[in-house]
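Me: I have a structure to go through. Could we look at it together, one feature at a time?

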Amino acid sequence: QEQLEKKKAEYGEKMKNKVALVHKEAEEKRAMIEAKRGEEILQTEEMAAKYRATGTTPKKTIGCF
């Protein structure tokens, strides 16, 4: 009986660790994607400012739109 309870506790702890690891990896990926998206937005805003300053229109369409 005690061995069964001990194994249950160990298995529960392993599962908690796995869940925590998955959440950590997901959070890291989410942060990387948000950073990349922020860079793309900044780049797009810089291009838009350049075209507004020169008064010209882009020759080809922007890939993200």
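Me: Let us start with Lys 50: which ring does its charged end sit over?
Reply: The charged end of Lys 50 lies over the ring of Tyr 51, at 5.4 Å from the ring centre. Please bear in mind that this is a predicted model.

Me: And how many aromatic pairs are there?
Reply: Zero aromatic pairs turn up in a search of the whole structure.

Me: Moving on to the fold, how many helices and strands does the protein chain have?
Reply: The protein chain has one helix and zero strands. Helix 1 covers residues 2-54, which is 53 residues.

Me: What span does helix 1 reach, and what is expected?
Reply: From its first C-alpha to its last, helix 1 reaches 78 Å, close to the 78 Å expected at 1.5 Å a residue.

Me: What happens just after helix 1?
Reply: Gly 55 follows there, with a positive phi of about 80 degrees.

Me: Changing topic, how many salt bridges does a search of the whole structure find?
Reply: That search gives one salt bridge. Glu 27 pairs with Arg 30, and their closest N and O atoms are 2.8 Å apart.

Me: Why can those two side chains meet?
Reply: Glu 27 and Arg 30 are three residues apart in helix 1, so about one helical turn separates them. In general, an α-helix has 3.6 residues a turn, so residues three or four places apart point the same way. Side chains of opposite charge can then pair when their charged atoms come close.

Me: What relative accessible area does Glu 27 have, and how accessible is Arg 30?
Reply: Glu 27 is partly exposed at 47%. Arg 30 also counts as partly exposed, with 42% relative accessibility.

Me: And what share of the protein chain is buried?
Reply: Buried residues account for 2% of its 65 residues. The protein chain exposes about 6,600 Å², of which carbon and sulfur atoms supply 57%.

Technical notes. Residues numbered from 1 in each chain as written. Predicted model: local features only at pLDDT ≥ 70, side-chain atom pairs only at ≥ 80, totals over all residues. Heavy atoms only, no water. Helix = DSSP H or I, 4+ residues; strand = E, 2+ residues; numbered from the N terminus. Expected span 1.5 Å × (residues − 1). Buried < 20%, exposed > 50% of the residue type's maximum accessible area, 1.4 Å probe, protein only. Areas by Shrake-Rupley, 256 points an atom, 1.4 Å probe, with all protein chains shown as cover. Salt bridge = Lys/Arg side-chain N within 4 Å of Asp/Glu carboxyl O. Phe/Tyr/Trp six-rings, centres within 6.5 Å; stacked < 30°, edge-to-face > 60°. Lys NZ or Arg CZ within 6 Å of the ring centre and 35° of its normal.
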